[in-house]
Amino acid sequence: DYTEQEKETWKTVYSTLKTLYNTHACRQHRYIFPLLEENCGYGTDNIPQLEDISNFLHECTGWRLRPVMGLLSPRDFLNGLAFRVFHSTQYIRHHSKPLYTPEPDVCHELLGHVPLFADPEFASFSQEIGLASLGASEDDIKKLATCYWFTVEFGLCKEESGIKAYGAGLLSSFGELEYCLSDKPKKESFDPEHVSTVQYPITEYQPVYFVTESFEDAKQKMRTFAQSLKRPFSLRYNPYTETIEVLDNKQKVLNFASSIQSEFGILAQALDKLNF
């Protein structure tokens, strides 16, 4: 349970950020946020329970929240994404600075991250970063963590009405959410090979933000980038068993090919019935 003071802090953060979401947040965040209010108890006077949110996410995209007491190593955190698991903190920022926190808190997790994990395309893109981290070298983990930073945390995306924010670090910071869409910072196209080498500040606004064409486009770029990383095996996520399968022998590859063939058969049948 949270104290009354912590609830007041949540109320301040929630009500302040919500005034910007309709104009600054991406389409997916704008669509899902009301669903969280309807189904998970989101509101100015209530800090939602992680279990309720986790169950909602699992129904939407197969993702789950797993509470943690502190920060994980980049490898452990990214590895969790491969299994569609997001490790979430539960503490809330200090009441003296409700609109700023030096590290992730429950406002950052629930207002910034959670809405996007209920979107299938974004959820798939996030998992792609996690899958690339399994078995990666320390140097490659650093590159993937940097890609994560400039996308899932501080990413921008194109929409018909202009550039919008989808990164959780932006969607949970009133000041930076306004700043990132202003003319002050640089904005560049998202290219993982370049982004993975960019240095970034942690305690101040980002000097540059990277803009994705779409989450599907970002996923394909991340997949291509991941293929350039050195790893002695290939793998896939099995959504039925929620496990990672290492494709390290002929039989596993044949089994995977068989499942793909079956899915293609269903697709061909559906297209035929729709007269494509």
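Buried means under 20% relative accessible area, exposed means over 50%, and partly exposed lies in between (1.4 Å probe, protein chains only). The model is predicted: local features need pLDDT of at least 70, side-chain atom pairs count only at pLDDT 80 or more, and totals for chains, interfaces and linings use all residues. Residues are numbered from 1 along each chain as its sequence is written, and side-chain values use heavy atoms, with hydrogens and water left out.

Salt bridges were examined next. Side chains of opposite charge can pair when their charged atoms come close. A salt bridge is a side-chain nitrogen of Lys or Arg within 4 Å of a carboxyl oxygen of Asp or Glu. By this rule, the model holds 13 salt bridges.

One of them joins Glu37 to Lys18, with the closest N and O atoms 2.7 Å apart. This pair links distant parts of the chain. Glu37 lies in helix H2 (residues 27-39) and Lys18 in helix H1 (residues 4-24), 19 residues apart. Helices (H or I, at least four residues) and strands (E, at least two) are DSSP runs, numbered from the N terminus. Lys18 counts as partly exposed because its relative accessibility is 37%. Glu37, at 26%, is also partly exposed.

Helix H2 takes part in another pair. Its residue Arg30 forms a salt bridge with Glu159, the closest N and O atoms being 3.5 Å apart. Glu159 belongs to strand S3 (residues 156-159), and the two partners are 129 residues apart. Arg30 is partly exposed at 28% relative accessibility. Glu159 is buried, at 18%.

Strand S3 also supplies Lys158, whose side chain meets that of Glu213 in a salt bridge (2.9 Å, N to O). Glu213 sits in the loop between strand S6 (208-212) and helix H11 (215-227), 55 residues from Lys158. Both are partly exposed: Glu213 has a relative accessible area of 42%, and Lys158 one of 43%.

H11 has 13 residues and reaches 18 Å from its first C-alpha to its last. This is close to the expected 18 Å, which is 1.5 Å times one less than the number of residues. Its buried residues are Phe215, Ala218, Lys219, Met222, Phe225 and Ala226. They lie on the same side of H11 because they cover an arc of only 125° around the axis, taken from the directions from the helix axis to the C-beta atoms. Thr224 and Gln227 are exposed on the other side. The buried residues of H11 pack (heavy atoms within 4.5 Å) against several elements, including H2, helix H5 (106-117) and S6.
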